[in-house]
Amino acid sequence: MPGEEVFIGSIDQGTTSTRFIIYDRSAKPIGSHQMEFTQFYPQAGWVEHDPNEILESVRVCISKAIDKATAEGHNVDGGLKAIGLTNQRETTVVWSKSTGRPLYNAVVWMDIRTSPICRKLEQELPGGRTHFVDTCGLPISTYFSALKLLWLLENVDAVKEAVKSGDALFGTIDTWLIWNLTGGVGNGLHVTDISNASRTMLMNLKTLDWDKPTLDALGIPSGILPKIISNSEIIGNITKGWPITGIPIAGCLGDQHAAMLGQACRKGEAKSTYGTGAFILLNTGEETIKSNHGLLSTLAYKLGPKAPTNYALEGSIAIAGAAVQWLRDSLGIISSASEIEELASKVDSTGGVYFVPAFNGLFAPWWRDDARGVCIGITRFTNKSHIARAVLESMCFQVKDVLDSMHKDAGDTGETKNEKGEFLLRVDGGATVNNLLMQIQADLLGNPVVRPADIETTALGAAYAAGLAVGIWTEDEIFSAGEKMKKATTFQPVLEEGLRKKKVESWCKAVSRTFDLADLSL
């Protein structure tokens, strides 16, 4: 009907917080709510979440976002057509099919307790660290779900017993949420989407199904795994007991893949999301590109069961915004994350200080889980502004390391450039509100950085996927980049080329100092 309000909801379940955002037909947010949940650190390098607390955070965010939108005069109850879901990837949950209770806390993507399992597999498997790369695109690493699942199978009695009795279900956070949203015990749908499945180390990138030889090699029973679906299709309806009932869940993507869609990245285009970590993905179209420079081959998105599959090259950085949280929570140098821009702006350089936030090792392109954080170049001249600026620079240097590898892997034909021959990096995520950070990023890359008007593209991507499945939007509308780019802010590089090269050399020297520090005495 003309004038009828139409809405799409988006659950954005991140590493430190959950949000629910309601979008109207023009993809404008008309109501949202966000809440943080507890981070558990049982031992050095271990990171856990309570799956039930995450579930409750989703419930609260949906309810409060709807209340806010309704208070603004929107008929959300009558106009909500579908829900999209996006989530922190790799984080692993095993729960009881019969009780619905988690059998252990969720083991988070940045957790490194599986290092001994990784070393053991590297020694035992003929292909070593890259044994599964041809199948799943991923090296053996603490990062991926399969290793976390192996740890649970080996170390948690409740998990062992549930697997033996056929009562265990495995999933990443998307699977856990969908199972509960669609009925839980007795009725819940046990599914995952291809982007989240591609991060487990267990999915074959060509067949888009669980890879039996990999399961056999790792000793993982296929019966505990969810069904793999596309990113945009009607999955099932939300059941009674939730703030909304009967609404279809129609889109599901891992957070970085959702951001690609939210940024409308076509083949040859890349985005970098700055959150707890930083994640850079380049859409490689319908072909996988095997990296020779430390990157991952992964899924971009598949927008429907019969739609073509888009692949991507990805570089994952474990610590980005988390370093700012560390300055705030552990050192007390700032009292809120937003203060870092002003503090870092008080100096025009780091004064020769270089900070490498290898708190839990280094991901792409280094892949060193024996690395630990360092801050070097400190003199009596160094003050907290220099440290703050070095933390911002560390985020940008890490992104540059990944993009340098990406350029080498993709080659000139694999990247889209503007009429000036420049490669544009699209950026999003909470940290991108920091103008100094974005200018430093452009300066260190030597390329323009483009920030959209709406930086929360992860939630938007999940909404797009759901809206596409129920006919609210078309692919042409989602990928109409021209209008979006007009509203974007572009940061142009101004740093002199010689100084850029010297700074990069110093950064690489700092990175080399982080290696082989995991065994330092406590």
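Here is a quick tour of the charged and aromatic contacts in this structure.

The model is predicted, so to speak of local features takes a pLDDT of at least 70 and side-chain atom pairs count only at pLDDT 80 or more, while totals for chains, interfaces and linings use all residues. Residues are numbered from 1 along each chain as its sequence is written, and side-chain values use heavy atoms, leaving out hydrogens and water.

Let's start with salt bridges (a side-chain nitrogen of Lys or Arg within 4 Å of a carboxyl oxygen of Asp or Glu). The count comes to 23, including these:

| Pair | N to O distance |
|---|---|
| Glu-477 and Arg-25 | 3.1 Å |
| Glu-90 and Arg-199 | 2.8 Å |
| Asp-134 and Lys-290 | 3.1 Å |

Are Glu-90 and Arg-199 buried or exposed? Both are buried, where buried means under 20% relative accessible area, exposed over 50%, and partly exposed in between (1.4 Å probe, protein chains only). Asp-134 and Lys-290, on the other hand, are exposed. Salt bridges with shared partners join Arg-89, Glu-90, Arg-199, Asp-255 and Glu-314 into one network.

Now for the rings. Phe, Tyr and Trp rings (six-membered ring for Trp) pair if their centres lie within 6.5 Å; planes under 30 degrees apart are stacked, over 60 edge-to-face, and the rest tilted. The whole structure has 20 aromatic pairs. One of them, Tyr-464 with Trp-473, is edge-to-face, at 5.3 Å centre to centre and 90° between the planes. Both of these residues, Tyr-464 and Trp-473, are buried. Elsewhere, ring pairs link Trp-109, Tyr-143, Phe-144, Phe-279, Phe-363 and Trp-367 into a cluster.
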